[in-house]
Amino acid sequence: HSDYDKALSLYDKGVLSHSSTMFERLAQKTAESDPVGYSVLCDVRLQVRGYENKMNAYFAEYPYSTLIPQITYRHALNLFDAGNYAEALQQFAKLKLKSLYKDQRMELVFKTAYSNLECGHLDVARKGFVEVDKGERSDYTAPAQYAIGYIDYTSGLFSDALNSFEKAVKDHRFKEVASYYIFECKFLLKDYDYVIKHG
């Protein structure tokens, strides 16, 4: 096993700080694009202070590296988690679904839609959430259904909103909040029997 394979195996297991040290050492020794790239990727995921400088230098030096999508994606997630939705959107926009791992694609579509929602681009956001809802079931399905309901509700489309909330309410994470909105929709749609029964 080469040192590179060892470092890669640690990275894949999520042992980031240890693999980071190994990649860093390899990067200094070889200056090859992959060890340098993985060293940057570890820094981004560990949110090492000032990693952006190292990242931008890597993009400039190795513009054709196959690791660029992963680095960009992880950087975008950091921005998203920090609530910098407008900046996260700029980074998400650089990514193509095909360039990510399969298990990251729904997250990209969902978080792009959510960033659009936070930035007030409701139509674009709704399209993204619908794509998640129509895709394979994932952890993002119910949040997307809830978000579609919320957008329709704020747009005054109460029966459409109701449909989405009734899907989302089945997920324990949204049971309480979706139930509240179902009640509101029924009231606004003048379904007073329901309101009296559940009031």
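Colleague: Why does Lys 54 count as partly exposed?

Modeller: In this predicted model, Lys 54 has a relative accessibility of 28%. Buried means under 20% and exposed over 50%, so Lys 54 falls in between and is partly exposed.

Colleague: What makes the contact of Lys 54 and Glu 24 a salt bridge?

Modeller: Their side chains meet at 2.9 Å, N to O, and the cut-off is within 4 Å. Glu 24 is also partly exposed, at 28%.

Colleague: Which parts does this pair tie together?

Modeller: Lys 54 lies in helix 4 (residues 51-61) and Glu 24 in helix 2 (residues 16-30), so the linked parts are 30 residues apart in sequence. Salt bridges that share partners also bring in Asp 43, giving one network of Glu 24, Asp 43 and Lys 54.

Colleague: Why are Glu 107 and Lys 111 called buried?

Modeller: Buried means under 20%; Glu 107 is at 14% and Lys 111 at 12%, so both qualify. Their side chains form a salt bridge of 2.8 Å, N to O. The two are 4 residues apart in helix 7 (residues 102-118), which means a separation of about one helical turn.

Colleague: How do you know that helix 1 and helix 3 are roughly parallel?

Modeller: Helix 1 (residues 3-12) and helix 3 (residues 33-46) pack at an angle of about 25°. Angles under 35 degrees count as roughly parallel, so the term applies. Their axes are 12 Å apart, and the crossing is left-handed.

How values were computed. Residues numbered from 1 in each chain as written. Predicted model: local features only at pLDDT ≥ 70, side-chain atom pairs only at ≥ 80, totals over all residues. Heavy atoms only, no water. Axes fitted to C-alpha atoms, helices over the stretch in contact; angles between N-to-C directions. Parallel < 35°, antiparallel > 145°, perpendicular 65-115°, else oblique. Left-handed = near helix turned anticlockwise from the far one by under 90°. Buried < 20%, exposed > 50% of the residue type's maximum accessible area, 1.4 Å probe, protein only.
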